[in-house]
Amino acid sequence: QTVEAWTYNGVVPGPEIRATEGERVRINVTNKLPESTAVHWHGLYVPHNMDGVPFITQPPIKPGETFTYEFTLQDGNAGSHMYHSHHNAAFQVTSGLLGAFIVEPKDPSTRPAYDVEYTMILNDGPIGAYSLNGKTFPSTEPVVAKKGQTLLVRYMNEGLMIHPMHLHGMRQQVIAHDGWLLDVPYYCDTVNIAPGQRFDVLIEATEPGVWAYHCHILSHAESAHGMFGMVTVLIVEDDEAEASPEATPAS
């Protein structure tokens, strides 16, 4: 099934922007939509005239116009952030005008180590009611790690509703909230993510198998006909099991 979406560079979510503290970034936004728009850099500390809020920090970007955003990423602003429309946003953002903006720290040792990284953008609206990275189950991308690896998941809620993300089989360690490292990380199996919030979690891939991974507002994930919407799976691969003679069917 396909639906109409409004996009940055033709994809939903928009291209992931990744840069490091202290770097200067420049983004040229050309509006090819049938209405005005603007881009807000959610969680980033930018100059007032770069904040992307029409009638407060800039004029709307009218159809056919280009606006250039340029700013330096401040020290201390590392973490998981987002970008999205801030004009007719309830429609434009839920229609696909959203993306991840990851700011890497100058000193990587200030952040916990991990082996595999995955960004999960939550959304609800015209492009599929309840979606993960622009897709609804069964078209959602699985999260994959090998047994023994540490997985970093960056949750970003670009929707209009709260979405508690629940993982079967393994715990999640919440290490950062809205880009800020927590002084005291904590464990849970369900992370409640409100609109605009970002949470970083670490998952120790200890249990091989295919594990359900979904929003626990059940009407967002399951119906009488089975699972749909905000559902994916965590696949933990066990290389040792695959190599074991016991795992090979007899001929």
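**View 1. Leu167 stands opposite Tyr213 in strand β16.** Strand β16 (residues 209-215) and strand β11 pair in the antiparallel sense over three bridges. Strands are DSSP runs of E with at least two residues, numbered from the N terminus, and two strands pair if DSSP finds at least two bridges between them. This is a predicted model, in which local features need pLDDT of at least 70, side-chain atom pairs count only at pLDDT 80 or more, and totals for chains, interfaces and linings use all residues. Residues are numbered from 1 along each chain as its sequence is written, and side-chain values use heavy atoms, with hydrogens and water left out.

**View 2. Strand β11 is joined to strand β14 by four bridges.** The two strands run antiparallel, with β14 spanning residues 190-193.

View 3. Buried means under 20% relative accessible area, exposed over 50%, and partly exposed in between (1.4 Å probe, protein chains only). Because five of the five residues of β11 (residues 163-167) are buried, the strand is largely enclosed by the rest of the structure.

**View 4. Cys188 and the closest cysteine, Cys215, lie too far apart for a bond between their sulfurs.** The structure holds zero disulfides, a disulfide being a pair of cysteine sulfur atoms within 2.5 Å. The sulfur of Cys188 is 14 Å from that of Cys215. Cys188 is buried, with a relative accessible area of 19%, and Cys215 counts as buried at 0% relative accessibility.
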